[in-house]
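Welcome! Have a look at the sequence and the 3D picture below, and turn the view around a few times before reading on.

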Amino acid sequence: ISGQMIEAELISLFIEGYSKLGIDVIVRYNSRNLMSGLIIEKGIPETLVSNVITIIDKLDKIDEKELLKEFNNINVDSNIALDLLNTFKLNLNELNKIYENTTNKLIKEGLFELNELEFYIREYEENIKFTATLARGQEYYTGNVFEVYSKNNELSCSLGGGGRYDNMITDFINDGNIYPAVGISFGLSTIFEILKNKLENKSLIDIY
């Protein structure tokens, strides 16, 4: 199904599913189209977009000095890299305002996807967060992507994730039709780890 309704349903499934397990989560979301558009808008060649996305995805993991080294390794000018990093620190409202009249097709498409998704999931505002640097790594994603994290920092890694990948089935069948697709996965090992810790802590409380 095209449009953001199915993404909204899957995000609600994440939130409500983890809630039934007693795990309070935050679902981070972003658009691969927006990421690609913002990179190209800075004058970076399309051939480097994938490499740049990989670097930007590390923004919350390594310091800026290390990021600039990685940009330098793929021959992206430091001034352009700094400008790009500052752009990826903006929130969705700021991006909407700055690129309101953009002619960049990917930025327009990405912002449309995100704004439509936000409309559908606004009731979950306590459990959702737009994250411009979220990439999900895999290049087969064609639209919005999302990852789930523990709201209480019970684990630092993601507890699940997913996104839209319209080209995967379309290219495989290759019959001239488009087959939109969205998928998610729950992290069974991370769920087990959190529930195990909860049970162990409960047992200790019962003992004392």
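## The whole chain

Keep in mind from the start that this is a predicted model. The chain has 208 residues, and 43% of them are buried. Its secondary structure consists of nine helices and five strands. Read from the N terminus, these elements follow the order α-β-α-α-α-α-α-α-β-β-β-α-β-α.

## A nonpolar patch

Which residues make the nonpolar surface patch of about 500 Å²? They are Y140, M168, I169, F172 and I173. One of them, I169, sits in helix α8, which covers residues 166-173. With a relative accessible area of 34%, I169 is partly exposed.

Is I121 buried or exposed? I121 has a relative accessible area of 0%, so this residue is buried. You can find I121 in helix α7, residues 105-121. Setting aside residues up to four places away in sequence, I121 touches A8, I11, Y29 and I128. Between I121 and E147 there are 26 residues of separation along the chain, and their C-alpha atoms are 15 Å apart.

T142 belongs to the loop between β2 (128-130) and β3 (144-150). Beyond its neighbours within four places in sequence, T142 is in contact with N33, E113, R164, Y165, D166 and N167. T142 lies 98 residues from I44 in sequence, with 20 Å between their C-alpha atoms.

D77 is in the loop between α4 (64-73) and α5 (78-87), and at 42% relative accessibility D77 is partly exposed.

## Two residues with positive phi

Most residues other than glycine have a negative phi. N153 has a phi near 55 degrees, a positive value. N153 is placed in the loop between β3 and β4 (160-164), and at 65% relative accessibility N153 is exposed. N174 has a positive phi too, near 50 degrees. N174 lies in the loop between α8 and β5 (182-186), and with a relative accessible area of 64% N174 is exposed.

## Salt bridges

How many salt bridges does the structure hold? There are nine.

| Pair | Distance |
|---|---|
| K58 and E70 | 3.0 Å |
| E154 and K198 | 3.1 Å |
| D166 and R164 | 2.9 Å |

Start with K58 and E70, whose side chains meet in a salt bridge. K58 is in the loop between α3 (49-56) and α4, while E70 is in helix α4, so this pair ties together parts twelve residues apart in sequence. K58 is partly exposed at 27% relative accessibility, and E70 is partly exposed at 23%.

Next come E154 and K198, also joined by a salt bridge. This pair links distant parts of the chain, with E154 in the loop between β3 and β4 and K198 in helix α9 (residues 188-207), 44 residues apart. E154 is partly exposed, at 27% relative accessible area, and K198 is partly exposed at 33%.

Finally, look at the salt bridge between D166 and R164. Both D166 and R164 are buried. Through salt bridges that share partners, E7, R164 and D166 are joined into one network.

Note on methods:
Residues are numbered from 1 along each chain as its sequence is written. This is a predicted model: local features need pLDDT of at least 70, side-chain atom pairs count only at pLDDT 80 or more; totals for chains, interfaces and linings use all residues. Side-chain values use heavy atoms; hydrogens and water are left out. Helices (H or I, at least four residues) and strands (E, at least two) are DSSP runs, numbered from the N terminus. Buried means under 20% relative accessible area, exposed over 50%, partly exposed in between (1.4 Å probe, protein chains only). Patches are made of residues with over 30% relative accessible area and no salt bridge: like charges are joined within 9 Å, nonpolar side chains (Val, Leu, Ile, Met, Phe, Trp, Tyr) within 5 Å. Accessible areas come from the Shrake-Rupley method with a 1.4 Å probe; for residues, only the protein chains shown count as cover. A salt bridge is a side-chain nitrogen of Lys or Arg within 4 Å of a carboxyl oxygen of Asp or Glu. Contact means heavy atoms within 4.5 Å.
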